[in-house]
Amino acid sequence: MKKNKKRQENKRREKLTALITLLTFAVVIAVVLNFSSAVRPYQIIKNEVSTATVRAPQTVVDDKKTASERAIAGDNVPDVYTINSNITQNQNDSVTALFTSIRQVQSDEKKAKAAALKDKKQFTAFDEKEITTRVRALLSKNDLTFEHTNISDDSFVKLYKVAPDKLTDLETTIGSVIAKQLQKGVTEGQLLNIRADLQLNISELAIASNLRSAASDILNAAITVNSFYDSDATSQQRSVAENNVQPVRILQGQVIIQEGQLVTDDIYRQLELLHLVKSQMNILQIIGNTLIAMVIALTTYFLIYRARKKRKDFTIAFVIFTAIISLSYAMLLVFRYISERGIDNLFFVLPVVFVPMVLQLLGYRELRLLGIMQIVLASVLVLQNAQNMANIIYFTVYILITGLVATLILNKPKTRNDLFIDSMYITAFNGVSVFIIQLINNTAISSLSFWWPIFYGMIGGLIAFILSLGLQPLFETIFGVLSPNRLLELASPHSLY
């Protein structure tokens, strides 16, 4: 009875420990993510000289600049004018009606003369007044808004006296000029200038000099406003032009201001947009980071439970695993802070392979891949806004590859001497991995910037070995874990002496 009660009490204690560990793990991740997401402000004052070179920590859309560019694009679209086809057709028909009327009066005079001769009566030719009166009367009968009053009586008389074949040529020449101009469109503001230009160029037309004044009168009467401002079409074209302007983005890594440069209003506005002059953090960003932390913690809990459910030490395994990963998050944050102070590629010093190494040493081999995935995820989340981390993708690939290779090398319990040899292999592979990454980055092989990251990667491998050996006895002592490596050392004949 006492044993059952004690067993139940132990189970409750283990569940409570697991729950506390779960909450603690989520809080640690949330704190680290929110701290890494928060952008530290610069001491920059508007209209003074900048004391630092500032780069954009992330890509953002500059809404104000975008709106300004779109407004400019819209303003550059000229007003749209629509030609009224009815007016155009009316004017062309009016010119035709003018010459038809003149031919009609010419025909009437011929008929009147023929009738007088037939009746042996005296015939009196049409005088100038008769001609103009008859022509205007005929034009007035047409349902056309033609400004024939602008044509002088003298012009009608001159046209009347032109031979029929010559009159047809004149009609063709003038009609062609009028049709072409009306087809182009004539606005209110263009009317006077177009009429003046036609008057100047009339001498270039195939028109007899004595008929140019008449042609000039016809042009002035026929050329009229037929193109009108179309507000709907203008708005539509301006909207298209504005929408074609791509959003103006401030790209991650883009230099916003150089050290010693004057901080203008526009530059200060960009710094405010990036939260680089005021310590601000969006509440939604905090909530998002907290939710991600909860998802990571819960997922880790259930994955470890599935991997260790047939064993009694699930709680211990979960506590040890979360402690190791929490330490990794903290290390990433520290290295990010150091790197942002001017040491590029220092991330390669991170002893990331210590995670699978420690799990291997403590006997949790089945958790090594989960540990690697956690480190990859942590690097993406913590380093995503790092100002000097231009190669975060390559660094993430580096963590994944070196972690997987470490799990292949550490495939069974080993003594410290064997572990040291394996760590040398891992260290060498770290250097090779960074070497390949530098080649992909097209870094000049003759420069020190090519070789320093390789050196950092190898140092990271050695630190991982030292850190693993230091954490193994610590975890063994705190949690009472008897690791396979420790059992192997105790079973060795050398341990008896």
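This is a predicted model: local features need pLDDT of at least 70, side-chain atom pairs count only at pLDDT 80 or more; totals for chains, interfaces and linings use all residues.
Local features need pLDDT of at least 70 and side-chain atom pairs count only at pLDDT 80 or more, while totals for chains, interfaces and linings use all residues. Residues are numbered from 1 along each chain as its sequence is written, and side-chain values use heavy atoms, with hydrogens and water left out.

The protein chain holds 18 helices and six strands, taken as DSSP runs (helices H or I, at least four residues; strands E, at least two) numbered from the N terminus. Of its 497 residues, 41% are buried, meaning under 20% relative accessible area with a 1.4 Å probe, protein chains only.

The largest nonpolar core has 65 residues. Such a core is a set of buried Ala, Val, Leu, Ile, Met, Phe, Trp, Tyr and Cys residues joined through side-chain atoms within 4.5 Å. Tyr329 and Phe395 touch the most other members. Helix 12 (314-339) is among the helices that each supply at least two residues. Helix 12 gives the most, with twelve. Tyr329 touches Ile29, Val32, Leu33, Ile296, Ala378, Leu381 and Val382, not counting residues up to four places away in sequence; contact means heavy atoms within 4.5 Å. Apart from this core lies another, of 36 residues, including Tyr160 and Leu219.

The largest cavity is lined by Ser328, Met331, Leu332, Leu350, Pro351, Val352, Phe354, Val355 and Ile375. A cavity is a set of points on a 1 Å grid over the protein atoms alone where a 1.4 Å probe fits but cannot get out; lining residues have an atom within 4 Å of a point. Helix 12 gives the most to this lining, with three residues.

Technical notes
Buried means under 20% relative accessible area, exposed over 50%, partly exposed in between (1.4 Å probe, protein chains only). On a 1 Å grid over the protein atoms alone, a cavity is a set of points where a 1.4 Å probe fits but cannot get out, and a pocket is an open set with protein on both sides within 12 Å along at least five of seven lines; lining residues have an atom within 4 Å of a point.
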